[in-house]
Amino acid sequence: MSTNPVTEPDVLIVGVGFGGLAALHRLRTDHPDLAVLAVERAESPGGVWRDNSYPGAACDVPTSLYSLSFADNPDWSHTYGRRAEIKNYAESVAAAFADQIRYECEVLCATWDSDDHRWIVETSEGPIRTRFLIAAPGALSAPTTPAIPGLDKYEGTVFHTAAWNHAHDLTDRRVAVVGSGASAIQVAPEIVDKVAELVVFQRTPSWVIPRVDRTIGPMQRAVYRRFPKAHRAVRKLTWLTHEFHVFAMAHHHRVLRAFRALSLAHLRRQVTDPELRRRLTPDFTIGCKRILISNRWYPALAHPRTRVTGALSSLTPTGAVSADGTEFDVDTVIFATGFTPTSPPLAKVIVGRDGRRLDEVWHGSPSAYRGVEVPDFPNLFLLYGPNTNLGHSSIILMLEAQAYYIGQALTHLKAVDAPTVEVTEAAHDAYVADIDAQLSGTVWNSGGCGSWYIDSTGRNSVMWPTYTGTYRRMMSHFAPADHVIGVPGPVRGPLARS
């Protein structure tokens with residue numbers, strides 16, 4: 001546990017995943033005079049890559065895009081990174097900021113003090129007072145387990161993929177995997193040869209395309225180390241290729257036919273049983289939900305030990321019941337049921353200027369100006385906030401753009417000698433209306449599926465509607481006209497002129 005003595009930093013960052021690391025770097029670069037502290041509830045950095053230790057955990061974004069621009073990594077072993085390697089990378093980056101990070105320190109409540117222009121933050125390690133609060137908890141930090149009837153009476157072992165029970169040996173077990181999304185397609189192939197029986201409870205099938213993964217050999221890695229520009233060129237080429245994907249998803253749906261044909265050919269090639277193939281063919285437009293990449297998912301489902309059935313409807317003391325009433329005798333239930341990005345836990349403990357919590361303001365539908373700022377929450381910045389998720393590229397590109405924007409905002413406050421910044425309601429509402437309009441014609445909104453992109457109000461509060469380049473250009477400048485800058489009162493710290 002860190003014993004960092006700072007209790008009144010100028011900036012407090014909550015979370016030390018890739019977003020928190022991007023913010024630490026940007027503030028050190030642009031504002032070295034500020035006292036910056038990052039707190040992390042866990043014992044180490046890495047966020048989702050620390051927590052998701054299930055077998056087969058890996059990234060579906062190429063490694064050339066999955067590193068921070070200020071900490072290029074020429075030593076990735078594969079074109080798609082494995083969990084352990086990404087976790088180690090995050091730890092190596094965090095080591096450079098060790099003096100600014102306090103681990104095992106959970107934020108319990110953060111309240112804006114209008115008199116002192118400070119955030120009063122209660123943590124598990126004591127109170128912290130700070131001028132600026134940067135919330136970087138990650139969108140995939142709160143696992144969700146559905147309220148299944150009979151769950152409390154089930155006598156077997158139950159756990160979520162994001163909290164993998166490594167003490168529970170799956171050898172010769174009768175295992176139920178609930179879900180058919182990004183985690184399930186990685187877990188099932190890893191355990192199917194070990195278990196006695198695998199039952200996959202699938203509410204809806206997913207579109208799956210081949211995973212073009214290869215080992216990056218020692219010679220190629222040596223070239224990247226010797227010639228960093230070569231690695232950056234690969235990064236740029238990969239970025240441009242992936243920008244084309246959103247061209248199809250958000251602008252020209254006809255291009256999606258090529259992805260659909262690729263996925264169907266992949267299914268035909270790997271699944272010979274026509275009935276199973278029928279059950280694995282989605283009835284919604286490809287891209288409406290996250291397109292999955294795997295070469296091993298379909299073979300795992302076609303394995304003699306595997307049964308594919310419908311949604312899980314209930315649990316009995318010794319079994320799991322599918323939607324058609326069939327009961328399967330299972331001794332282990334693994335929920336691969338994702339997260340709650342539209343209901344982030346941190347929003348329940350951040351209290352704004354008018355005394356309302358962030359989740360109360362959002363009322364089931366998160367929104368933020370540029371994905372970063374919310375009216376009535378002065379000096380608060382969100383990383384990986386509403387409508388900044390991607391369906392085609394690396395979220396790290398978005399996180400670094402957001403960190404840069406925060407640096408620009410603080411630079412402006414210093415220039416005008418102001419203590420606070422707060423986006424106006426008009427600017428926020430106009431921005432959100434524009435995002436909603438752009439999303440209305442995208443495959444995520446009109447593709448005929450139900451996905452975690454859509455919140456409880458029926459609004460898409462998760463996805464960014466267009467290119468990452470468009471977002472990065474927008475975030476390259478701070479717009480004072482969209483903000484209320486400064487309020488009367490005393491100001492302490494480096495941003496105040498003496």
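Some ground rules. The model is predicted, so local features need pLDDT of at least 70, side-chain atom pairs count only at pLDDT 80 or more, and totals for chains, interfaces and linings use all residues. Residues are numbered from 1 along each chain as its sequence is written, and side-chain values use heavy atoms, with hydrogens and water left out.

Let's start with the cysteines. How many disulfides does the structure hold? One. By disulfide I mean a pair of cysteine sulfur atoms within 2.5 Å. The partners are Cys288 and Cys449, with sulfur atoms 2.0 Å apart. Helices (H or I, at least four residues) and strands (E, at least two) are DSSP runs, numbered from the N terminus. The link is left-handed, with -90° about the S-S bond. Cys288 has a relative accessible area of 0%, so it is buried. Buried means under 20% relative accessible area, exposed over 50%, and partly exposed in between, with a 1.4 Å probe and protein chains only.

Now two other cysteines. Cys105 is buried, at 1% relative accessible area. Cys109 is partly exposed, at 25%.

Cys109 takes us to the strands. Its bridge partner in strand 7 is Glu122. Which way do strand 6 (residues 107–113) and strand 7 (residues 118–123) run, parallel or antiparallel? Antiparallel, joined by six bridges. Two strands pair if DSSP finds at least two bridges between them. These two form a hairpin with four residues between them. In the turn, His117 has a positive phi of about 55°. Strand 6 also has two bridges to strand 20 (residues 350–351), and that pair runs parallel. There, Thr111 stands opposite Val351.

On to charges. Side chains of opposite charge can pair when their charged atoms come close. A salt bridge here is a side-chain nitrogen of Lys or Arg within 4 Å of a carboxyl oxygen of Asp or Glu. The count by this rule is 22.

Stay with the hairpin turn for a moment. Asp116 forms a salt bridge with Arg129, at 2.5 Å from N to O. Asp116 sits in the loop between strand 6 and strand 7, while Arg129 is in strand 8 (residues 126–130), 13 residues apart. Asp116 is buried at 12%. Arg129 is partly exposed at 26%.

Next, a network. Salt bridges link Glu40, Arg50 and Asp51. Arg50 meets Glu40 at 3.3 Å, N to O. Arg50 is in helix 2 (residues 48–51) and Glu40 in strand 2 (residues 36–40), so this bridge ties together parts ten residues apart in sequence. Both of these residues are buried. Arg50 also pairs with Asp51, with the closest N and O atoms 2.8 Å apart. Asp51 is partly exposed, at 27%.

Last stop: His303. It lies in the loop between helix 9 (297–301) and strand 15 (306–309). Is His303 buried or exposed? Buried, at 19% relative accessibility. Leaving out residues up to four places away in sequence, His303 touches Val192 and Asp193. Contact means heavy atoms within 4.5 Å.
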